[in-house]
Amino acid sequence: TIVYVSNTGVARAAIDDVYNIVANPWSLATGISGVPKSIAVIDPLTAYVVGQSGRIWKTTDGAASFTLVDNGATTVQNLNWIVAANANVLYAGGNNGALVKILNLSNGQTISLVNILTSAGVSILAAGEHINVVAAPPGRDELYLGTSGGKIVRTIRANVTRPAFENKAFPLSGQGQVTDLQFTGYKGNMLFVLQRNSAGNSRVLRDISGGYLTDTQVEIIGGFTVPVNNLMNSIAPANENYAMVVGEVEASFAYVGSVTAT
């Protein structure tokens with residue numbers, strides 16, 4: 001099954017129908033209202049969707065139907081991104097620093113807010129700073145947040161009761177909001193970062209340390225203006241050296257591009 005999320009709903013199609021060019025293979029999922037923003041799949045039947053005004057939905061039938069499990073009781077902030085750290089724990093990030101933890105339990109779920117504080121109890125995010133993207137490298141108890149203020153915030157103990165976060169203030173941070181974070185390789189030993197500047201141009205960074213983000217380990221593999229990257233919405237790495245991006249607008253069209261590094 002292929003599932004996609006748009007501002008108007010969630011749709012699914014059988015992958016064989018798409019491959020075989022069946023007419024109208026897509027069907028709209030029921031139970032979604034408002035504006036969904038992001039989906040995290042746990043298994044072929046189970047997934048969570050987050051969206052406008054803190055809404056959280058769950059499906060247990062492969063995205064045919066969804067049940068609203070939080071109607072903004074945990075937060076009223078728009079939730080922009082959700083990721084499954086494992087089959088039992090998910091995190092969703094949103095506007096004004098809202099970070100939500102979802103425990104996917106056999107008898108339902110528990111949902112709570114997580115404070116983004118240093119080990120000394122100091123807030124990391126500025127007032128009004130949004131979480132654009134949340135990433136969890138495979139096989140590591142870590143969580144990464146990309147923000148509208150150009151920060152990448154990390155905790156290396158994500159699943160403790162009160163995780164301590166740190167601002168990975170790498171030399172290229174703060175030069176455009178972070179709009180996507182994607183790990184690849186063994187246990188996420190390589191990290192691709194999308195940044196967007198105030199002019200609406202994007203660039204691609206690669207951290208060869210897989211999240212340590214020090215000055216000698218972060219490289220620009222596609223700049224804001226060379227090549228002309230315009231706006232990229234997301235990046236999907238195939239391996240440590242190759243990724244594809246989707247964006248808008250190039251010669252009035254949306255585009256798919258490739259990024260190659262050595």
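## Charges

The 15 positive and 16 negative charges of the chain have mean positions 7 Å apart. Here Lys and Arg count as positive and Asp and Glu as negative, with His and the chain ends not counted; each charge is placed at NZ of Lys, CZ of Arg, CG of Asp or CD of Glu.

## About the model

This is a predicted model, in which local features need pLDDT of at least 70 and side-chain atom pairs count only at pLDDT 80 or more, while totals for chains, interfaces and linings use all residues. Residues are numbered from 1 along each chain as its sequence is written, and side-chain values use heavy atoms, with hydrogens and water left out.

## Overall fold

The C-alpha trace spans about 50 × 45 × 35 Å along its principal axes. The radius of gyration of the chain is 18 Å, which agrees with the value near 18 Å for a compact globule of 262 residues (taken over C-alpha atoms; the rule is 2.2 Å times the number of residues to the power 0.38).

Of the 262 residues, 46% count as buried (buried is under 20% relative accessible area, exposed over 50%, partly exposed in between, with a 1.4 Å probe and protein chains only).

## Glu 142

Glu 142 sits in the loop between β12 (131–135) and β13 (143–147). Its relative accessibility is 13%, so Glu 142 counts as buried.

The side chain of Glu 142 makes a polar contact of 2.7 Å with that of Arg 140 and another of 3.0 Å with that of Tyr 144 (a pair of N or O atoms within 3.5 Å; within protein, one must be able to donate a hydrogen and the other to accept it, and residues adjacent in sequence count only if both atoms are side-chain atoms).

## Met 190

Strand β17 (residues 190–196) contains Met 190, which is buried because its relative accessible area is 10%. Met 190 and Ile 208 are 18 residues apart in sequence, with their C-alpha atoms 5.1 Å apart in space.

Leaving aside residues up to four places away in sequence, Met 190 touches several others, including Phe 183, Arg 206, Ile 208 and Glu 240 (contact means heavy atoms within 4.5 Å).

Note on methods
Helices (H or I, at least four residues) and strands (E, at least two) are DSSP runs, numbered from the N terminus.
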